[in-house]
Amino acid sequence: MTSLQGLKVVDLSRVLGGPLCAQILGDHGADVIKIEGPSGDETRTWGPPFKDDMASYFAGINRNKQTICVDLVHCTIETTPHLWLNATHGKNESDRRRARQIADRHA
């Protein structure tokens, strides 16, 4: 048994800080679900090096995670009590607004 087994986390983060924190949660047994928007995570293309058309950086920073693509403008997440979000100002405004609504419901 791992220290965070049974903990569910939604990871809406990008680039480094948030993905690294969520990765550590996954390393300790949390069930981490990485949500990507319709255009995918920008770090998928950061390279070289690549393996099977995926940047090694993306594969490394997102280990121990399940990844799904969701248009958050049309999504509600009712059963996940832990939400991890890291976004740039203005770039993902609709994602941040939706995440805030979800977080407020669980507060």
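Q: Is Glu36 buried, partly exposed or exposed?
A: In this predicted model, local features need pLDDT of at least 70 and side-chain atom pairs count only at pLDDT 80 or more, while totals for chains, interfaces and linings use all residues. Residues are numbered from 1 along each chain as its sequence is written, and side-chain values use heavy atoms, with hydrogens and water left out. Buried means under 20% relative accessible area, exposed over 50%, and partly exposed in between (1.4 Å probe, protein chains only). With a relative accessible area of 5%, Glu36 is buried.

Q: Which residue meets Glu36 in a salt bridge?
A: A salt bridge here is a side-chain nitrogen of Lys or Arg within 4 Å of a carboxyl oxygen of Asp or Glu. The partner of Glu36 lies at 2.9 Å, N to O, and is partly exposed, with a relative accessible area of 28%. That partner is Arg44.

Q: What is the relative accessibility of Lys34, which forms a salt bridge with Asp41?
A: The closest N and O atoms of Asp41 and Lys34 are 2.8 Å apart. Asp41 is buried, with a relative accessible area of 9%, and Lys34 also counts as buried, its relative accessibility being 1%.
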